[in-house]
Amino acid sequence: MLISLDVGASKIICAFVDDNLKLKKIKIATQTKKGKHFVLQNIFDVIKKNWNKDVKKICIGFAGRIDIKKGVIIEALNFTKNFKNIYLKKILEKEFKVPVFLSNDAQCFTLGESIFGAGKKYNVILGFTLGTGIGAGIIINKKSYYGAHYLISEISHHVIIEKNGLKCNCGKRGCFEAAASGIALEKYYKILTGKEKTSIEINMEALQNKKIAQKAILKVAKNLGIGLAYFINIFDPNIVILGGGLSEIKMLYKPAIIEMKKHLANKSLFKIPIVKSKLGEDAIILGATKLVE
Ligand SMILES: [Zn+2]
């Protein structure tokens, strides 16, 4: 029995996981704007609420760049600026007296899908969490590949989709995250209408056949397609799995795949399935349970 957490920039899900992988979940808002200490206290409190004397370990998928070996949050671009160099593993082990395993949330997402979800039958899996930002994970033969500097999770900032595009939290303009995330959709919509709406509201409008909302989604879809092509060309995966709030927008897939094919480097890559997560909001939680040191 263990506690597993999905800590994102907008919400924290904390699950008590029994030996049959049954989840008892608590969801709270992260409230990143209230600062580092507030968020850490939130994590403490939610673990305590779900605590049980049989808990043997705590596993966490966190939306940031993570030093897996040391259990340190190196930086978290969608949190506050000072949210860096946090020895979360050490802090929590001191408090709760059980081993703590910490990894990036998108890496946990991809691991979860590779073991329990849409990636079960595949060896090389590329996963993206399309939420407030875009996280990435790579699984090779059921093992996470993190990169020498733990930067695989951050590759959405390493490819520029739109020169002089929207400004990103990483400081650059037009990177994959700035061009194809939930933030991107909301900003494009605002540019077109002058109004502020959430991604969910924009999707609702698009489903009601409102042209401007459809136009904003199409823009994000094309950017998504270009980005996916870049990463597929480099990593040559068997499958690409998409999760996060934006992956629920069905209208995204067709135009994204059409655009992607224009940029793929080899015809062998055309048949790679681009699919939605099977585990939904449990993917990160379940993936984190499989973290090893
Ligand atoms: Zn960026």
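This is a chat about the fold of one predicted protein model.

Reader: What kind of model is this, and how are residues numbered?
Author: The model is predicted, so local features need pLDDT of at least 70 and side-chain atom pairs count only at pLDDT 80 or more, while totals for chains, interfaces and linings use all residues. Numbering starts from 1 along each chain, as its sequence is written.

Reader: OK, how many helices and strands in the protein?
Author: The protein has 9 helices and 13 strands. Those are DSSP runs numbered from the N terminus, with helices being H or I of at least four residues and strands being E of at least two.

Reader: And what's the radius of gyration?
Author: It's 18 Å, which agrees with the value near 19 Å that a compact globule of 293 residues would have. The radius is taken over C-alpha atoms, and the globule rule is 2.2 Å times the number of residues to the power 0.38. Along the principal axes, the C-alpha atoms fill a box of roughly 55 × 45 × 35 Å.

Reader: How much of it is buried?
Author: Buried residues are 47% of the 293. Buried means 20 or more other C-beta atoms within 10 Å of the residue's own, exposed means 12 or fewer, and partly exposed is in between, with C-beta atoms placed from the backbone.

Reader: What share of contacts comes from residues 24 or more positions apart?
Author: That share is 62% of the contacts with a separation of 6 or more. A contact here is two C-beta atoms, placed from the backbone, within 7 Å.

Reader: In which sense do strands 1 and 4 pair?
Author: Strand 1 (residues 2–7) and strand 4 (residues 57–62) are parallel, over 6 bridges. Leu-2, for one, has Lys-57 of strand 4 as its bridge partner.

Reader: Now strand 12. Buried or exposed?
Author: 5 of the 5 residues in strand 12 (residues 239–243) are buried, so the strand is largely enclosed by the rest of the structure. Ile-239, Ile-241 and Gly-243 point one way, and Val-240 and Leu-242 the other.

Reader: Which strands run parallel to strand 12?
Author: Strand 9 (residues 124–130) is joined to strand 12 by 5 parallel bridges, with Ile-125 partnered by Ile-239. Strand 13 (residues 274–276) also runs parallel to strand 12, through 3 bridges, and Ile-241 is partnered by Val-275.

Reader: How do helix 7 and helix 8 pack?
Author: Helix 7 and helix 8 (residues 253–263) pack at about 40°, with axes 7 Å apart. That makes the pair oblique; under 35 degrees is roughly parallel, over 145 roughly antiparallel, 65 to 115 roughly perpendicular, and the rest oblique.

Reader: What does Ala-180 touch?
Author: Ala-180 is in helix 4 (residues 176–180) and counts as buried, with 29 C-beta neighbours inside 10 Å. Leaving out residues up to four places away in sequence, Ala-180 touches Ile-134, Ile-161, Val-220, Asn-223, Leu-224 and Gly-227.

Reader: Last one: which loop holds Asp-236?
Author: Asp-236 is in the loop between helix 7 and strand 12. Its phi is near 45°, a positive value in a residue other than glycine. Asp-236 has 14 C-beta neighbours inside 10 Å, so it counts as partly exposed.

Key: Two strands pair if DSSP finds at least two bridges between them. Axes are lines fitted to C-alpha atoms, for helices over the stretch in contact, and angles run from 0 to 180 degrees between N-to-C directions.
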